[in-house]
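Open the model in your viewer and keep the selection tool ready. The stops below go from one selection to the next.

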Amino acid sequence: MATLASFFGWRKPSKKELQNTVTLSWGKQRFDVSFKRQNLDLVTLKEFKLQCKELTGVPVANMKLTVSGANLKDDTASLASCGIQGGSTVILTGEKVNKQAAQQATASGNPEEYALMQRIFKVLDPIKTTMDTDIKAFNTLVQEKKSQESLSAADKKILYEKGVFLSEKLMQALITLDGVECSPDFQTARQHRREGVRLLQAFLERVDAARAEAKPLINSQS
């Protein structure tokens, strides 16, 4: 189990303890975290995140960990396989959540669920703001090009790239939402994620329909 370096207290830490000690940097605060009984190749990133949560109060869902500029994402990977060695400094980026807001916004009242909801909204809010207008503009463009006798190579490129851009934007949002893992106990967050997936799929169907209509124009002989 990880402990603060001050745990060593009155005695000098052993060489092995120093080898298994990592510095956590969060804002202006620094914590020396020692895994006394385990080598770093036996400690997973998920276990380390839980220790970070215990030390800082930052929900795991709000955490971004980096070491030597590399983002740490695979929770099942060992710290050693992530390039973390004794003496390494891991940078934690993330904020605590308002406990009162979490209690009001979620069924569980758990700050971790509230943090997950914030991640979901971060994905969906930009889509909700612009996607409907973007799809309508794409449909209008397709109809305008259909009324022309022939299309230039530049026109075809615009049609193709606009459709691909919208599709990829929605697919990336779906992939990101899929990566937001909600515990069965977090019913509010799970509901928001389900609704978000349905919204993205509905937008994607509209884009696919417009791209299907544009395809003959793009493939036509000028």
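Which side chains meet in a salt bridge at 3.2 Å, N to O? Select K136 and D132: their side chains form that salt bridge, a term that here requires a side-chain nitrogen of Lys or Arg within 4 Å of a carboxyl oxygen of Asp or Glu.

Before going on, note that this is a predicted model, in which local features need pLDDT of at least 70 and side-chain atom pairs count only at pLDDT 80 or more, while totals for chains, interfaces and linings use all residues. Residues are numbered from 1 along each chain as its sequence is written, and side-chain values use heavy atoms, with hydrogens and water left out.

**Stop 1: helix α4**

Stay on K136 and D132. Both are in helix α4 (residues 111–146), four residues apart, so about one helical turn separates them. Helices here are DSSP runs of H or I with at least four residues, strands are runs of E with at least two, and both are numbered from the N terminus. D132 counts as partly exposed because its relative accessibility is 27%; the classes are buried under 20% relative accessible area, exposed over 50%, and partly exposed in between (1.4 Å probe, protein chains only).

**Stop 2: helix α5**

Select E161 and K157, which form a salt bridge with the closest N and O atoms 4.0 Å apart. The two residues lie in helix α5 (residues 153–178), four residues apart, about one turn of the helix. E161 is partly exposed at a relative accessible area of 42%, and K157 is exposed at 52%.

**Stop 3: a loop and helix α2**

Go to D75 and K49, a salt bridge with 2.8 Å between the closest N and O atoms. D75 is in the loop between β5 (70–72) and β6 (89–93) and K49 in helix α2 (residues 45–56), so this pair ties together parts 26 residues apart in sequence. D75 is partly exposed at 28% relative accessibility, whereas K49 is buried at 9%. By the rule used here, the count comes to seven salt bridges.

**Stop 4: between the domains**

Colour residues 15–96 as domain 1 and 102–219 as domain 2; these bounds come from an automatic or database domain assignment. Their C-alpha centres lie 34 Å apart. Five residues of domain 1 and six residues of domain 2 take part in the contact, where contact means heavy atoms within 4.5 Å. The two domains bury about 400 Å² between them, 49% of it on carbon and sulfur atoms; buried area is the accessible area (1.4 Å probe) that two parts lose on being put together, summed over both. On the domain 1 side, select P59, A61 and N62: they lose the most area to domain 2, together 84% of what that side buries.

Which residue forms a salt bridge with K53? Select E112, whose closest N and O atoms with K53 are 3.0 Å apart. The count between domain 1 and domain 2 is one salt bridge.

**Stop 5: helix α6**

Finish at L204 in helix α6 (residues 187–219). L204 is buried, with a relative accessible area of 14%. Leaving aside neighbours within four places in sequence, L204 is in contact with S167, L170, M171 and L174. For a distance check, take K169: L204 and K169 are 35 residues apart in sequence and 9.5 Å apart in space, C-alpha to C-alpha.
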